[in-house]
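Open the structure in your viewer and keep the selection tool at hand. The stops below say what to select next and what is there.

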Amino acid sequence: MTVNVLMLGTVSLVTDISSEMVTAILPLYLVLSLGLTPLQFGVLDGMYFGVTALVRLLGGHLADRWQRRKLIAGFGYGLSAICKLGLLVVGPSPLALGAVLAADRTGKGLRTAPRDALITLSTDPKNLGMAFGVHRAMDTAGALAGPLVAFAVLWAAPGAYDAVFVVSCCIAMLGVLLLVAFVRDQQTRIRSSVVSIRAALRLLADRRFGRMCAATALLGLVTISDSFVYLLLQRRLGIAAGYFPLLPLGTAASFLVLALPLGRLSDRVGPRAVFLGGHIALLGAYVLLRGPFGGLPMLICVLTLHGAFYAATDGVLMAAAGPLLPDELRTSGVAVLQTGQAVARLMSSVLIGALWTVWGVSAAVTASAVALGLMLLVAVPLLRSPLRRAHVD
């Protein structure tokens, strides 16, 4: 494992402590404290995914054009850090909160593709599954610690959401400093004439990459966001508000344990089976959420399956995409794939919020489970074409 991958993992670990502190309390803060409806929350939650679609392609293009992947990633990390204080300043206005969340997701959209491209360029292609597994495991260690830190802050000062935002900002700035000090940029020989957003979009014409993007977007369209999963569990099991920030720990623990083994498995058997298996695990979680059983066993099973879904899809998808992309469009190609995911999940959050508001929580979960099952049947043939490298005209 290269030093660059380990340092990028460390940066992600620290940054995820910061971001998951906020993510863990945000549904509670917006729905229970500020009184937003499920539809209003769905729109804001969808913004967490969708606004990144506006900047992923731009960030990927600039990183490839300037050969400054570290610079673009660093700007994204810094912007997200500043936005933690923005949540403290704007108050309860949904419009202002939406603007801050949009800026925060802009930072995430800018940094994700350059970071993942740095991992692929720093790793032997034969070990990409393991490299992304290590990175995602370190990232998830931060996701595991973040809710604990938020819980500790709120336990020491009940209702002090402002304290959570301040601590989160300080930790995020530490992540930026680690990136600047220890991560080395990776440059490739490029033909500047082929580095453009249009060229990146033309990658979709490649049979294998285009099908991967289509399958990913279709599955993202029927994926319930994390925040809604935790709200569903809270409503179903009557979990006290003070313990709500601890729910992401179950997902993060499962992700942490399974990320590296499933990354290695994808190197051995191929990413397709692991990726589809992760969505089958997610379908199992939806069935349990809608099923007749409750209590602690159901809670543990849902969170374990939820974490297994991420372990089998997040890093595995990026490891599968990397070898398909030409060096001069490595970051832009990753951004195209992630943009499709982001747009699909924006639509998913809005749809789930609308279904919950109009027909109730049971109908929302049932519709999501049925739709996911159908989309899995569509995704299987889409991901069946032979592996080959994308080309640029």
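Gln-338 belongs to helix 14, residues 330-359; helices here are DSSP runs of H or I with at least four residues, strands are runs of E with at least two, and both are numbered from the N terminus. With a relative accessible area of 4%, Gln-338 is buried. Buried means under 20% relative accessible area, exposed means over 50%, and partly exposed lies in between, with a 1.4 Å probe and protein chains only.

The model is a predicted one, in which local features need pLDDT of at least 70 and side-chain atom pairs count only at pLDDT 80 or more, while totals for chains, interfaces and linings use all residues. Residues are numbered from 1 along each chain as its sequence is written, and side-chain values use heavy atoms, leaving out hydrogens and water.

Which residues does a network of salt bridges link here? The network joins Arg-115, Asp-116, Arg-136 and Asp-314. A salt bridge is a side-chain nitrogen of Lys or Arg within 4 Å of a carboxyl oxygen of Asp or Glu. Asp-116 meets Arg-115 at 3.1 Å, N to O, and Arg-136 at 3.2 Å, N to O. Asp-116 is in helix 5 and Arg-136 in helix 6 (residues 128-156), so this pair ties together parts 20 residues apart in sequence. Asp-116 and Arg-136 are both buried, and Arg-115 is buried too.

The whole structure has 6 salt bridges. For another, select Lys-84 and Asp-104, whose closest N and O atoms are 3.2 Å apart. Lys-84 sits in helix 4 (residues 69-90) and Asp-104 in helix 5 (residues 94-121), so the bridge ties together parts 20 residues apart in sequence. Lys-84 is buried at 5% relative accessibility, and Asp-104 is buried at 4%.

Now select Met-212. Setting aside residues up to four places away in sequence, Met-212 touches Leu-317, Ala-320, Ala-321, Leu-324, Leu-337 and Leu-383.

The last stop is Leu-204, in the loop between helix 8 (197-202) and helix 9 (207-221). Leu-204 is partly exposed, with a relative accessible area of 38%.

Terms used: Contact means heavy atoms within 4.5 Å.
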